Amino acid sequence: MFLRTRGRASGCLTLTLLAIAGTALAQSPNIVISQVYGGGGNSGAPYRNDFVELFNLGDAAFTMPDWSIQYASFTGTSWGSQKLVIPSATTLQPGQYYLIQLASGGSSGVALPTPDLIGNLDPSATRGKLALVNRSTSLPAITCPDAGHGVVDLIGYGAAANCFEGDGPAPGPANATAVLRADGGCTDTDNNNLDFSVLAPDPRNTSSAFHVCPGAVTGACCVDTTCYNGRTQAQCSQLGGVWKGAGTTCTPDPCVCRGDCNCDGIIDFDDINAFVAAMSGGTPCSAENCDVNNDGVIDFDDINPFVEALSTGTLCP
Ligand SMILES: [Ca+2]
Ligand SMILES: [Ca+2]
Ligand SMILES: [Ca+2]
Ligand SMILES: [Ca+2]
C-alpha cells in the first residue's frame, strides 16, 4: 500500500470550533502537489522563478484531462484570478514529476530546470493556498474549496493559511526554501502539516528520475535485450519494452534467451534456420539470443550449446 490514507477531515465540530480553518476533503489516488516554491527571484532565492511541482504517486499512468492549479493568498478567496490550466492529455507515469515554472520576484537565483509548463501565478514565499483541480473552470470565491468543487489535492502553507488538508497547514517556507511532500512525493495522508516539510527547493521535471512509490507493482523490463529493474508495467510500455511481470528481476537476466534465435519466446526447431542464418553472417533478431555460449560472437563454438538448448526445449524466462 502507499503511504497514504483517505483521511477524512475531523468534520463539522472542527469547522465550528475553528471557524476560519477549512479542510478540503481531497483524495489523491494519482496526481498530487509535491512541492511549492514561492520565493523565486526574491532576495536570497536559489532559483529565479517560483514553481509548483506535481507528481504521480500511483502505480498506473494517469492523464489529466483539462485540469488546473489555482492559487489564493493565505486568507484569500480569489482562486480564479491565479489559475493555470494544464494542457489536456498531459500524462504522468507512476513516479514521474511535472514542473510548472511561475512568476519571478526579482533577479536572484538561477534558472529552473526545463519546465514542463510555464505560467504567471505568483505564490507567496511564506504563506498561501494552492489547489489542484480536476477541471479548468475557476473555483468559486470561497475560503476553502473541496472535492465537490473538483479539488483533488490542496496545500495550505504558512501558519496563517486558512484552508488546508487535515489538522493544519504545512509549515511556512521562505525565500530560500520550499515546502516538499515527504518521501519524494509519496506521502499523502491528507494532512498538510505532516505531509510537507520546509526544505531547500528541489525542482524536478518530467525528465527527472522517476520515483515510483513503495507499493507500486514493479518488475523487470526488457528493452530489446537490456534489462531494467523496478519498472511498472506502464513505465515499461513507455520505454517500448516487454514487462516480465510483478516481482521479476534482472538476475537472472530475463531479457536474453540464449538459443531462441528467432525471438519467439521458445527454444525449438524453428530456431535452426535463424541460427544458421546468423552463423552465415545474417543479422539476427537478437545477437544475444544467438550467441548461445555468451562469448560475444556467433560462431562455430555456439553450435554445441545451441544443440544442447534445443534438446532441452526450454521456454524463455
Ligand atoms: Ca512569489
Ligand atoms: Ca491530498
Ligand atoms: Ca525460438
Ligand atoms: Ca558465441
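1. The C-alpha centres of domain 1 and domain 3 lie 54 Å apart. The chain as a whole is divided into domain 1 (11–199), domain 2 (217–254) and domain 3 (256–317). Do keep in mind that this is a predicted model.

2. A word on confidence before you use the coordinates. The chain averages a pLDDT of 88, and 90% of the residues score at least 70. The stretch to watch is residues 1–27, where pLDDT stays under 50. For that stretch the model has 52 contacts beyond four places in sequence.

3. Now the sheets. One open sheet has 6 strands in the order β9-β8-β3-β2-β13-β14, with mixed pairing. β9 and β14 (196–199) stand at its edges with a single partner strand each, so one side of each has no neighbour in the sheet. As a reminder, strands of a sheet pair through backbone hydrogen bonds, either parallel or antiparallel.

4. With β3, β8 pairs in the antiparallel sense over 5 bridges, and here L54 stands opposite Y98 of β8. With β9, β8 pairs in the parallel sense over 2 bridges, and the bridge partner of Q101 in β9 is I118.

5. How many residues of β8 are buried? The count is 5 of its 5 residues, so to speak a mostly covered strand. Y97, L99 and Q101 point one way from β8, while Y98 and I100 point the other way, and all are buried.

6. Is T114 buried or exposed? T114 is exposed, because it has 11 other C-beta atoms within 10 Å, and a residue counts as exposed at 12 or fewer. T114 and L54 are 60 residues apart along the chain, and their C-alpha atoms are separated by 14 Å.

7. On packing, the largest nonpolar core has 51 residues. Those with the most contacts inside this core are V36, V52, A131, L132 and I155. Several strands each supply at least two of its residues, including β2 (31–37), β3 (51–56), β5 (68–72), β8 (97–101), β10 (128–133) and β11 (151–157). A second, separate core has 19 residues, among them C227, V256, A274 and V292.

8. Which residues is A131 in contact with, leaving aside its neighbours within four places in sequence? They are I69, Q70, W79, L139, P145, V151 and L154.

9. Another open sheet has 3 strands in the order β16-β15-β17, with antiparallel pairing. Its edge strands are β16 (226–231) and β17 (242–243), each pairing on one side only. Strand β15 (residues 219–223) pairs with β17 in the antiparallel sense over 2 bridges, and C222 stands opposite V242 in β17.

Notes:
Residues are numbered from 1 along each chain as its sequence is written. Chains are lettered from A and ligands numbered from 1 in the order in which they are written. This is a predicted model: local features need pLDDT of at least 70, side-chain atom pairs count only at pLDDT 80 or more; totals for chains, interfaces and linings use all residues. A nonpolar core is a set of buried Ala, Val, Leu, Ile, Met, Phe, Trp, Tyr and Cys residues joined through C-beta atoms within 7 Å. A residue is buried if 20 or more other C-beta atoms lie within 10 Å of its own, exposed if 12 or fewer, and partly exposed in between; C-beta atoms are placed from the backbone. Helices (H or I, at least four residues) and strands (E, at least two) are DSSP runs, numbered from the N terminus. Two residues are in contact if their C-beta atoms, placed from the backbone, lie within 7 Å. Two strands pair if DSSP finds at least two bridges between them. Domain bounds come from an automatic or database domain assignment. pLDDT is the predictor's confidence in each residue, from 0 to 100.
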